[in-house]
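Here is a briefing on one protein model. Look over the sequence and the structure first, then read on.

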Amino acid sequence: MARCNFCVKLKNLSLLVTLVICFSVSVAVAYSDISDDVEFINPSSSATYNGVLDPMKSRVDPFNPEEQSGRQIATNYILNPSRLNEIRSEMLYPFYDQGGGGENIGDFQKHIKDNSPQITKHLDFLLPFFGFGYNYTWVSIHGFLAFSDGPTLSPTYPLTFPIVDYPKQSDPSFIGPFYSKCKIGELRGDELDPRRSGVYFRKEMNLMGRTDQYGVELRERLKWDIREGIVGSEWFEPRHAFIVTWKNVTFAGGTIHARKTTNTFQTVIATDETRTYVIFNYKHIGWTAHTEAGGSSEDGTGGTPAFIGFNAGNGTRSFEYKPYSQSPKFQSILSSGYVNGFPGRHIFRVDEKIMPGQCIPEIFDMAAHKQMLTFAPESGNLLGGTIVNVTGPCFDRSQKLTCRFNTLRVPGAVIDKNRATCVMPRIYATGYIDFYVEVDGSNDLHWKGKFLVETPFTAPELVTFPESDQLKREPQKLLINWDYKNLTLDRNTAVSITLWGYRENTITPEIVHLETLADAIPNTGEYTINPKDFHRRMRDIALNFEIGIVSVNITYPSDAIGIPYEPILWSRPIPLAWYLLPSWKDKYGRSWDEKICGQWIVRDRLLKNFASDLAICPCSMDQAIADKGRFLPDQNCDKDGKVSNCYLHENAKHCVRSAMPTRSGSGQQCCYDMHGYLMMTMDNKWGGRPNRAHDYGHIPWNEASKVPSLSHYLHDVAPFFPCCMWAHEHSWWCMTFRFERRASQNCVGYQPPAIATIFGDPHIYTFDGLPYTFNGRGEFVLVKAKTDRHKLDVQGRFEQLPDSLITGEVKATLLTAIAAKDNQSVTVEVRVRPRDAQWRYKLDVIVDNHRVFFDRFPQKIQTFPGVTVYTPTAIQNQSHVIAMFESGAGIEVIENMGHMTARVYLPMTYLNQTRGLFGNWSGTMDDDLVLPDGSIANAASSNNLDSIHNQFAIQWMVDEKETDDKGYSLFYHENGRTSSSYNDRLFRPVMTNDIRQIIPYNVTLKPEDVEDFCGDSWPCKYDYAVTLNREYGHWAKYYQSQFVTLRDTGLRKIVSCGALMTPIHGRKSTFKYTPGTKVEFDCDPDFVLVGERRRECLSSGEWNIPSRGAGDHRTETEWLNWNPAKTTRCIEEGEHNAVSSAKTAGIVLGIIIPVVVIALCVLVAYRRRNREHRIEQPAYLTSNRDIQITSPTTVSPPQGDAGSRKESAA
């Protein structure tokens, strides 16, 4: 059972076919000495194959013009491997001098002569070349194919491209296999190839649908020559092709005898209308320079040899094929290359940038020629394992090859002379790193490039779980899918499926092999696992892991693909309940999820608090989308994403993440519902959650909590499953997760960024909203901030508009490029591409002097030192680019039909710290026109174009010389250009506000037409009038309207009352939190609401507090500490009934007991009084009787009554 020694991954579909089909053709072609003029080719007009003319060897064109449709309907032709090897054994592709119509000249171009050196050919398909797209070409006898005005053979040698003085001087676009002054030569008579001297051209289209013999054979020959000839082309399918052959051409200026000193070479171009490959076949070189370049008139030697290379044209880019072009080493072109085993064959990929596919011998001084390493793929998952095929130095199997990824060295394997391969190791990093190739331990580092390390979440997901079994609490099975072609085309190749665990028990993160889930199974692309199969054989160490990664790799790589390294496909991180569930039940019991969540809560409480450093979430989705300095789309829940399942944030429409990690490495996440309101964990478990570990990691990436993607998943995603996903939302564990450990932060206190913009010819709105127009020509400072906290530079390049067909020179400029740098970040530059170069990409993005592209999904978001750059998911043509810096500053660049606008977003920390054309952001327009020295410009008005131009804006022109107040030019100047190539202080644009004075009298455009079209948009009127082109006015009006809407709507301040907790086991009538919102609470069935039933959000940004009634006996302290979360709650109905009964009993007892007590007290008092009354009454009577007896005035009763009175008294 084979196991991986380290984690690896195969990332691109174009990785291993190169290795599978190595050395399928073995070719030996004799080398022709420069003095020998014998052609090693022997075509015959009667060559046959299977009884018919052999289209690959015959001189006769296999098709006549009237037979073109037959190419599509011919009987299906089957090409066998032996025939493919046979036709690939010839160096030159076929060209014909017979047949092809009435003139019987085949591909021969009779109109190309010494005195008429070039002709135009319509291609009828898109040919991508050096960033441009063409559907025609000019074929010249002078050894080039042009796509604009043909190159002028300059009398000054060596030739230099591109033309720096463009557009004053023409800078043509061309492919030059041998760019020199040529003439049609003469045959000596002893050649094996009797075809006439001259230029041959052949075009073949729709090769993918061809079934005829020639079409099938040409397609397959091209396909395998290219696939085995240059790295990164393993899935290329040629759709269209054309072949140009220069046969026996001689040099201009030679003697009559020199006409027999000739060269024969060929250019083969194949494209699928996205990628383009060019093959140069040098069959014979008899001379190197014409006489005007210093060559001998007798034999064409000496002087400056021919130019070999490519020029993009329009003053943009060029590629000179060193060390051969215009060099004494030119003669080595025949003995080098070795593409497909042929000396003299050289191959290039040329659609967007020029990538050579052949090696350069080490005998040349590579330091002087600065050849870059060619390798594919150019990116890989940080987990490692991507097979990287490289071309650069010439390889030999006896040499020791080493690939170096940053500081990590890994051994490589040689495929052939031009190609080698190595496996990317595991690299805890993200973004671009240095990539080197060393031969025999050399440390000169001449061969180098930039390799993009992708995080496990941004890299392609090459191992998937289509039924999401890995996320379930107790799955019965686990279905695993992978694309078998990512490993090998052979479905019978044995592969293994492996489970790896990830943990951070110490400062050093660990990836540990846990289990081989399947071993030596067929490479079918699908496998189902029964989790119960691993219960008894599971290792005890597995219980210490909570997340894992699944990989698929070739079991025996040496047997399958001929190299000792195993390419491996990786899944994204996943929870491990499907694997560890039986063991967790044995260890923790039925409540295993609660125990695991509890352990995580304990661990998380021991870590430092991170939430205080996070950016505050925007209040609405519109704000979140508009805040392009701090938040970018969450790729797992993006409303514009290709896949947006939001499975961790149910009912969310869109989520955003903080673009850059905080100083501690944490990040913010904010999610929004279908109405655009912020979702919070106070309301339900699906709200956005702050992250202890940012998804993109943090330097140093090899420490715990800082590993890209893996730390984030371990600390912030995986705990959600046992705590909430697999538990009840109102369980204690989920409540602790929601309200304590990963509680959403509300948007109270959120401050939208300030925004400034530039668009049109150029029109500017400052951060404080001051509008003005400035048509300077050159490079200018838009924003300059230089304080202890912030060092931000944003610059713009304004170039003059192209001449008008009606009026000639246009006295106005437009924005063509933006460059920005923040604190210690790298420089980001965004340029608008020329119109003809916008067939695929609209903008060029240059980061740290290195062009980067965003058309592939894994590369939509790319991180660099101090800055994150991305394009929105829905943008496929690179027409919308956002750069987000650590300080919270953001730069947005948008292109439409060649018209570019830029916007700068700044957080509140930049208040009163900015200078430049975008003004001083202070909240008032009065101090916007600040000069570099800090004084206020003496400009009459922002509407006075002359005053703005001369007194203020022109002072912010910048160049390479650094100054304290303006800095230095940040732009990447190529091809010998400098800032002075663009800066022109003397340029005088149109400086009037009256469009009637701007529009010439001799044109049909009337001021009324401009007024009707533009309405009240001044930028539209100005641009329309100056250019006489409605398109300029339209886009000025569009960008102005877009900016005003964004500023007044998307970035307006929203008052929020903050989170209002939903009662446990209850609901809210709405999740809104803006003024005027009235919230009513309700409870789930079998629960009863107690406390406050209604709340209202006030305009002050606070929830209302119920009035304190007269019957409220709470103390002042209790009232001030009143907490609605404690007074508004849902309790079970039984508990409520018990409480109600208790209250009723309490009320009854509270009333009856006092009454009884009072009654008893009254009764006792009454009885006591009666008792006292009875006791006191006789004494009263005796006293009266005594008074009566002793009274002297009382009449004495009769004697007879005395006895009876005594008796009665007794």
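Is D114 buried, partly exposed or exposed? D114 counts as partly exposed, at 35% relative accessibility. Keep in mind that this is a predicted model. D114 is also a salt-bridge partner of R259, and that pair is taken up below with the other charged contacts.

**Overall make-up**

- The protein chain has 1210 residues, and 57% of them are buried.
- Its secondary structure comes to 21 helices and 56 strands.
- Among contacts with a separation of 6 or more, 66% join residues 24 or more positions apart.
- The accessible surface is about 50,700 Å². Carbon and sulfur atoms hold 50% of that area.

**Salt bridges**

- The count of salt bridges comes to 76.
- One of them joins the side chains of K57 and E86, with N and O at 3.0 Å. K57 sits in the loop between β2 (52–53) and α2 (70–73), while E86 belongs to helix α3 (residues 81–87), so the bridge ties together parts that are 29 residues apart in sequence.
- Both ends of that pair are partly exposed: K57 has a relative accessible area of 33%, and E86 has 29%.
- R259 and D114 form another salt bridge, and their closest N and O atoms are 3.8 Å apart. R259 is in the loop between β9 (240–251) and β10 (263–271), and D114 is in the loop between α3 and β3 (118–129), so this pair ties together parts that are 145 residues apart in sequence.
- R738 and E729 also meet through their side chains, at 3.7 Å from N to O. R738 counts as buried, because its relative accessibility is 3% and the cut-off for buried is under 20%.
- Salt bridges with shared partners link D604, R605, R692, D716, E740, R741 and R742 into one network.

**Surface patches**

- D1086, E1132, E1133 and E1135 form a negative surface patch.
- E1135 is placed in helix α20 (residues 1133–1190). E1135 is partly exposed, with a relative accessible area of 43%.
- A nonpolar surface patch covers about 830 Å². Its members are I1147, V1148, I1151, I1152, V1155, V1156, L1160, L1163 and Y1166.
- I1147, one of these residues, is also in helix α20. I1147 counts as exposed, because its relative accessibility is 54% and the cut-off for exposed is over 50%.

**Backbone features**

- Most residues other than glycine have a negative phi, and most peptide bonds are trans. The next cases depart from that pattern.
- The peptide bond from Y157 to P158 is cis, with omega near 5°. P158 lies in the loop between β5 (144–146) and β6 (174–179).
- A376 and P377 are also joined by a cis peptide bond, with omega at about 0°. P377 is in the loop between β18 (374–376) and β19 (379–381).
- E273 is not a glycine, yet it has a positive phi of about 70°. E273 is in the loop between β10 and β11 (276–284). With 24% relative accessibility, E273 counts as partly exposed.
- N823 is not a glycine either, and its phi is positive at about 50°. N823 is in the loop between β43 (813–822) and β44 (828–832). N823 is partly exposed, with a relative accessible area of 27%.

- How far apart in space are T211 and I78? Their C-alpha atoms are 8.5 Å apart, although 133 residues separate the two in sequence.
- T211 lies in the loop between β8 (198–204) and α4 (213–227).
- Why does T211 count as buried? Its relative accessibility is 17%, and buried means under 20%.

Key: Residues numbered from 1 in each chain as written. Predicted model: local features only at pLDDT ≥ 70, side-chain atom pairs only at ≥ 80, totals over all residues. Heavy atoms only, no water. Patch = residues over 30% accessible without salt bridge, like charges linked within 9 Å, V, L, I, M, F, W, Y side chains within 5 Å. Areas by Shrake-Rupley, 256 points an atom, 1.4 Å probe, with all protein chains shown as cover. Salt bridge = Lys/Arg side-chain N within 4 Å of Asp/Glu carboxyl O. Lys, Arg positive; Asp, Glu negative; His and termini not counted. Charge placed at Lys NZ, Arg CZ, Asp CG, Glu CD. Helix = DSSP H or I, 4+ residues; strand = E, 2+ residues; numbered from the N terminus. Buried < 20%, exposed > 50% of the residue type's maximum accessible area, 1.4 Å probe, protein only. Contact = heavy atoms within 4.5 Å.
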